[in-house]
Amino acid sequence: MRLASAEAAPDDDAMSEFQSLAGKLLVAMPGIGDPRFEHAVILICAHQADHAMGLRLDRPAPGVNLRTVLEKLEMEGAERATDQAVLMGGPVDRERGFVLHTSDWTAPDASLPVGEGLAITATREALVAMTDDEARPERSVLVLGYAGWGEGQIEDELTENVWLTAEPDADLLFDADHATKWSRALAGIGVDAARLSAHGGRA
């Protein structure tokens, strides 16, 4: 796994000319037609006129946890790391790591605010903070890879009913009950997953 430099962290300046979805959840409709995103719950972290990026939060990486990642990176504090699941954030740049965390901890010039009370940081400093009992963010999760969209793509997919949008919830973002995140995200917007027709998505 590699972590981006502070300069490589996505920024979301100049988004005032259109409606940004940064800080919102995308919840996959049944029949999305792409097995990579079946039942996906994705937090949109940056959304500009020409691109968007988000992190999937319901798919643990098999056989990988925070401690094993830090040990592989030979990072100080690895012995203090928990066996918290590491998530597969999307099909793009899977070796790149992002820490999604509450904004009670941030790294100057490296953390990107994502909605209210959240941020992402793509530097080793964030991993160190996750093992620091005194300085760690209240809640955090390591995510590998991300989902990306080109200009107008995410808007087209919303028009085609590929996704529903929802407000983020701290437990939905950070808890370990990954198998129920999709149904809980739907329930949060008043949709019963058991009743949702597969014909609502794109075949």
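This is a predicted model: local features need pLDDT of at least 70, side-chain atom pairs count only at pLDDT 80 or more; totals for chains, interfaces and linings use all residues.
Trainee: Which residues form the negative surface patch?

Mentor: Asp-50, Glu-151, Glu-155 and Asp-156 form it.

Trainee: Where is Glu-151 found, and is Glu-151 buried or exposed?

Mentor: Glu-151 is found in the loop between strand 10 (140-149) and helix 3 (153-159). Exposed means over 50% relative accessible area. Glu-151 has 66% relative accessibility, so Glu-151 counts as exposed.

Trainee: What about strand 7? Is His-101 buried or exposed?

Mentor: Buried means under 20% relative accessible area. His-101 is found in strand 7. His-101 counts as buried because its relative accessibility is 0%. The His-101 side chain makes a polar contact, at 2.7 Å, with the side chain of Thr-121.

Trainee: How does Glu-95 count?

Mentor: Glu-95 also lies in strand 7 (residues 92-102). Its relative accessibility is 48%, so Glu-95 counts as partly exposed. The C-alpha atoms of Glu-95 and Val-143 are separated by 9.8 Å. Along the chain, these two residues are 48 residues apart.

Trainee: What is the phi of Asp-109?

Mentor: Its phi is positive, about 70 degrees, although Asp-109 is not a glycine. Asp-109 lies in the loop between strand 7 and strand 8 (111-113). Asp-109 counts as exposed because its relative accessibility is 75%.

Methods:
Residues are numbered from 1 along each chain as its sequence is written. Side-chain values use heavy atoms; hydrogens and water are left out. Patches are made of residues with over 30% relative accessible area and no salt bridge: like charges are joined within 9 Å, nonpolar side chains (Val, Leu, Ile, Met, Phe, Trp, Tyr) within 5 Å. Accessible areas come from the Shrake-Rupley method with a 1.4 Å probe; for residues, only the protein chains shown count as cover. A salt bridge is a side-chain nitrogen of Lys or Arg within 4 Å of a carboxyl oxygen of Asp or Glu. Lys and Arg count as positive and Asp and Glu as negative; His and the chain ends are not counted. The place of a charge is taken as NZ of Lys, CZ of Arg, CG of Asp or CD of Glu. Helices (H or I, at least four residues) and strands (E, at least two) are DSSP runs, numbered from the N terminus. Buried means under 20% relative accessible area, exposed over 50%, partly exposed in between (1.4 Å probe, protein chains only). A polar contact is a pair of N or O atoms within 3.5 Å; within protein, one must be able to donate a hydrogen and the other to accept it, and residues adjacent in sequence count only if both atoms are side-chain atoms.
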